[in-house]
There are 2 protein chains.
Amino acid sequence: MNSYYSADNHGPFQLIDIGRFELTEGGVLEPCHLAVATHGQLNAAKDNAILVPTWYSGTSKIMEQVYIGPGRALDTTKYFIIVVNQIGNGLSTSPHNTGGALSGPNFPKVRIGDDVRAQHRLLTEHYGIRRLALVTGGSMGAQQTYEWAVRFPDMVERAAPIAGTACNTEHDFLFTETLVEAITTDPGFQKGSYRTPADVAAGLKRHAKLWTVMGWSTEFFRCGRHRVLGFDSMQAFVDGFMTGYFGPMDPNNLLCMAWKWQRGDVSLHADGDKAAALGRIRAKTFVMPIRTDMFFPPSDCQAEQQLIPGSEFRPIESLDGHLALFGTDAEAIAQIDAHLKDLLAQPAPVLG
Amino acid sequence: MNSYYSADNHGPFQLIDIGRFELTEGGVLEPCHLAVATHGQLNAAKDNAILVPTWYSGTSKIMEQVYIGPGRALDTTKYFIIVVNQIGNGLSTSPHNTGGALSGPNFPKVRIGDDVRAQHRLLTEHYGIRRLALVTGGSMGAQQTYEWAVRFPDMVERAAPIAGTACNTEHDFLFTETLVEAITTDPGFQKGSYRTPADVAAGLKRHAKLWTVMGWSTEFFRCGRHRVLGFDSMQAFVDGFMTGYFGPMDPNNLLCMAWKWQRGDVSLHADGDKAAALGRIRAKTFVMPIRTDMFFPPSDCQAEQQLIPGSEFRPIESLDGHLALFGTDAEAIAQIDAHLKDLLAQPAPVLG
C-alpha cells in the first residue's frame, strides 16, 4: 500500500460502499468505494447540496483547502458540500488499492460517465438527494460537471465548469498521451508491474516536467512566479514542487485517470453531436476558463459555452495557467469565488 | 550517411570551408563547413546583403521556399540573400557528417554565438561583406538574429527576429529538455551510438508529438487546420506530417541544435544584464512574434523589444502557433512579408 494516499495526508474522508458497479467499457467494481468528504449540513428539504468532483491527481483535500469554507462561495454554513474523489485517484477504488484480478495494470477502463453514474448513485441512494444547487469542479472536475449537467439535466440547478471542457480536444488528448508515455516508457514501469512508484521515478519526473511546461504558463515563469513560490530556479521548481508533488503517486492510478481524461466527451450522449448534447443542459451555467491555460484556453471553452442555453462566459484572469486551480494565485481564487457567489445567487431554473 | 540531408532534398547549396574553427565551449571544428544557399546578386558596393540563418531542424531549403523570391520582401532582384545553415543541422558541419573523434555523440557543444562568429567569418572573408541590410530568421534563426545585432552592432542595419527570443526563457529551456529526453530515453538511442535514425524511431515519434502539442496551437486544432492541411485526424497528422517530418532526421544532429537552442542568451555579452546587452543594438529592429506561439508568446517577446532602442513591436496574427513559420498560413507569411518590406524601406541607421 502507498502511504501517500493515507487519511493523514488527504483526510478526513469516508469510504462509502456503493455496491456492485458495472463500467461502461466492461469490467465490474464490486464493490465500488467512493471516498467522500462532506462539509456543512444537509437541510431538511435536501435542497442545499453542492457536488464537487476532483481533478487529475487531486483529492478532496485540495478542494477543501482552496475552495471551501465559511464565507466562501462554497459556504459550509449554508450548503452541504460533498466532495467525491474520482475513481482511480487513489482514495476511491483505484488500481493501487484493488486486490485480485483487477489490481494495478489490470484495473478496468473508467470513463467520466462512470464517475458521474457512481456519484449519482451515492447522492440518491446514500443521501437521498434529488436536486443539486451546484456542481462545480476544475479540469477533470469540469469534465464531470459537464457530464452531470448533460446526463442529469433535471437534477442540476447550476453548473460551473472551471478550466476544463465538455468535449476533450484532440490537442489535449495528444498532450495527455505524452504524459502517459513519459510514464510507460520508463523501463522501471514494467508494464505496470513495478513494485513502488520509486521504481518509476524517472518516468514520473518526466511526467512532472511536461506538467511544468504546459500546466503553468510562459508568463508565470517570465514574471518569476515560481520564485515567489519559494524556488530559486526552474530546476528547483521542477524537483521540489512538481516532482515532489507527482513523485509519490501511483503510476497506474495516474494512467487510469489519464485514460478517462482523454475521453471526456458529452457528445457521446447525442451520437457525437456536441451542440445537441450541450443544448440539453438546463442548469444555469457559468463557463470559467483561465486566461493563460494552455490545456483549455478560453477560446476552446467559449466555443462550448456558446452552445449552452442561458450560459455565461466568466473567464478568470491569472498568470498561473491551468494550475491556478492549485490556489497559488489568491486573486484568481477570489475571482472564482465571486463568480460562484454570483451563480449561487441566481434563481434556480425550473427543472423537471 | 543519412540520405535525408542530400542536395536532392535540400539543395542547391554550396559547402564552404571556413577553416579551423574554435568553439566557445571547447573543441575545434577543423575545418568547419558551412552549407550556404545564395539568391540574387551582391552589388558592387556590397551593401545589398541579407543574412538568413536557419531554425531547429530546418535548412536553407524551407527559407527559400517560404520567404525568398522576386517581389517578396527578400527580393532576389534587389538583394543578395545568403541563407546559412546552422552548425549541426545536417548540411553544415554536424554530428552525423563528421568523422573521427568528433563523430556523432562526441560532437562538441555549439553555441548560438559560435554560429554567428562562423557566419561573420564567412561574410567578411569569403564575400568581403562589411554591412548587412538585414538579418532575419525565425525561432533559432531569431536567436541568431539577436546575437548578430548585439555582437556586431556596427554591421547590422536592420534586424527582424521572428518567433524567437534574445534570451531563451526558463520555460522554453524546460520544454526543450522534454524534447531531448524523448530521444535520449529511447533504448535504441544507445547513448548516441545508434546505427540509423530508424533505431530511434520511437523516441523521434515522441519528440514529434511534443512538437505537435507545443508547436501549433490549441486554436489550430480546434479550427481543424490540420484537416485543411490534408490529415483527417490528429493521429494521421502526428504520423503523416510531424513524424514524417522529424523521423528521418539524425538524433545527434537534433540534440546538437537543442543544446544550442536552450542556451541562446545575448545577455552573456553584458555579464548577464539583458537590458545592457539589448541596449547595444543599433540595427532598426522589428520584433515579430506570432500571436498563438506557445514557445515564444508575444508577451515574452515584447518584454525584450522594449529594451531595444528604436525598435518596433510587430506581432503576426495566426492560428498556426510557432509553426506558422512553416508557411502553412499564407496570411501570416503575407504579414511577415509586409513588415519586412516596411523594415527594408526604413533608412539605415548611421553605424560605426
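1. A definition to start with: two residues are in contact when they have heavy atoms within 4.5 Å of each other. By that rule, and not counting residues up to four places away in sequence, B:Glu177 touches A:Lys209 and B:Gln262. B:Glu177 lies in helix 5 of chain B (helices are DSSP runs of H or I with at least four residues, strands are runs of E with at least two, and both are numbered from the N terminus). B:Glu177 is buried, with a relative accessible area of 16% (buried is under 20%, exposed is over 50% and partly exposed is in between, with a 1.4 Å probe and protein chains only).

2. A word on the basis of these notes: this is a predicted model, in which local features need pLDDT of at least 70 and side-chain atom pairs count only at pLDDT 80 or more, while totals for chains, interfaces and linings use all residues. Residues are numbered from 1 along each chain as its sequence is written, chains are lettered from A and ligands numbered from 1 in the order in which they are written, and side-chain values use heavy atoms, with hydrogens and water left out.

3. Now the interface. Here 30 residues of chain B are in contact with 30 residues of chain A. The two chains bury about 2,700 Å² between them, 63% of it on carbon and sulfur atoms (this is the accessible area, with a 1.4 Å probe, that two parts lose on being put together, summed over both).

4. Which residue of chain A does B:Glu181 pair with in a salt bridge? The partner is A:Lys209, with the closest N and O atoms 2.6 Å apart. Across the interface of chain B and chain A the rule finds 8 salt bridges (a side-chain nitrogen of Lys or Arg within 4 Å of a carboxyl oxygen of Asp or Glu). Among the elements giving two or more residues to the side of chain B that touches chain A are helix 5 (170-184), helix 6 (201-215) and helix 9 (234-246) of chain B. Helix 5 gives the most to that side, with 7 residues.

5. Of its 15 residues, 11 are buried, so the helix is largely enclosed by the rest of the structure. B:Phe175, B:Leu179 and B:Glu181 are among those buried residues. As a group, the buried residues pack against helix 6 (201-215), helix 7 (218-222) and helix 9 (234-246) of chain A, together with helix 6 and helix 10 (251-262) of chain B.

6. Over all chains, a search of the whole structure finds 46 salt bridges. One of them joins A:Arg20 and A:Glu30, with the closest N and O atoms 3.3 Å apart. A:Arg20 is partly exposed at 45% relative accessible area, and A:Glu30 counts as exposed at 56%.

7. The salt bridge between A:Arg158 and A:Glu157 (3.4 Å, N to O) has a buried setting: A:Arg158 is at 7% relative accessibility and A:Glu157 at 11%.

8. Finally, A:Lys284 forms a salt bridge with A:Glu312, the closest N and O atoms being 3.1 Å apart. This pair links distant parts of the chain, with A:Lys284 in strand 9 and A:Glu312 in strand 10 of chain A, 28 residues apart. A:Lys284 is buried at 17% relative accessible area, whereas A:Glu312 is partly exposed at 24%.
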